[in-house]
Amino acid sequence: MEESAERLKPTAGPHLVGRKEDLIKAKRSFRTLEGRDVLVIHHQGTFYAMDFHCYHAGGPLQNGDIEEFDGKLCIVCPKHKYKISLADGEGIYSAKKPQAPEAAPTWHSKGIKQRIHTVTEINGDVYVTLSCVPRFIDSDYFQGEKGRIERERF
Ligand code: FES
C-alpha cells in the first residue's frame, strides 16, 4: 500500500481523549492521535475536533476565538484571522465585489480546508475518530513530514 493510502485508511477505532467533565472545563484540549495533532473543543454544549494547525500557515488554533459568521460557527485563527467552520472545516471569508465597491461585503467559501474529526461520548468518556476522507485537505500539510509528502502526490 502506498504511504498516502496507508495514512488515510480508516482507523482501528475511536481514541479516548478524556473525561467529559475535564474536557468541558478545559474548553480546548490538544491531543496527538496516531501522530496527528488534534484540537478538541467544547463550545456551547457541543464537542468538536479538528486538525490543530491552521490550514493557511500552520498557526495553532488552540487560542482562536469562536464566533458566528454567515450563520456558521467558526474558529478564528489567531495568526492571520482566517475563519474555519467548526462543523465541517470550511474556510470562509467576506469580500466586496470589485464591480460594486460601494456595496457591503458578502461571505464566500473556499471549500473544505481543515480536516474535521468525529467526536463521540460514551458513559462520560469522550472519543475522537480521525477523519479518513480519502483526499488531501489543506490542513494535512501541517501534520509533519508525511503531510508534506502527501501534498506533493495529490
Ligand atoms: Fe491561520 Fe494564517 S496561519 S490564518
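A contact here means heavy atoms within 4.5 Å. The structure is a predicted model, and the chain averages a pLDDT of 89, with 86% of the residues scoring at least 70. Over residues 1–10, pLDDT stays under 50, and the model has 22 contacts beyond four places in sequence for that stretch. Where pLDDT is low, the predicted coordinates should not be read in detail.

Three helices and eleven strands make up the secondary structure of the chain. Read from the N terminus, the order of elements is α-β-α-β-β-β-β-β-β-β-β-β-β-α.

Chain totals are listed below.

| Quantity | Value |
|---|---|
| Buried residues | 41% of the 154 residues |
| Contacts between residues 24 or more positions apart | 47% of the contacts with a separation of 6 or more |
| Accessible surface | about 8,500 Å² |
| Part of the accessible surface on carbon and sulfur atoms | 50% |

The largest nonpolar core has 13 residues, of which Leu 39, Ile 41, Met 50, Leu 61, Ile 75, Ile 84 and Leu 86 touch the most other members. Strands β3 (36–43) and β4 (46–51) each supply at least two residues of this core. A second, separate core consists of ten residues, including Leu 23, Leu 33, Val 40 and Leu 130.

Leu 61 belongs to the largest core. Leaving aside residues up to four places away in sequence, Leu 61 touches Leu 39, Met 50, Phe 52, Ile 75, Pro 78 and Ile 84, among others. The contacts of Leu 61 also include Cys 54 and Cys 77, as well as Arg 28, Asp 51, His 53 and Gln 114.

Notes: Residues numbered from 1 in each chain as written. Predicted model: local features only at pLDDT ≥ 70, side-chain atom pairs only at ≥ 80, totals over all residues. Heavy atoms only, no water. Helix = DSSP H or I, 4+ residues; strand = E, 2+ residues; numbered from the N terminus. Buried < 20%, exposed > 50% of the residue type's maximum accessible area, 1.4 Å probe, protein only. Areas by Shrake-Rupley, 256 points an atom, 1.4 Å probe, with all protein chains shown as cover. pLDDT = per-residue confidence, 0-100. Core = buried A, V, L, I, M, F, W, Y, C linked by side-chain atoms within 4.5 Å.
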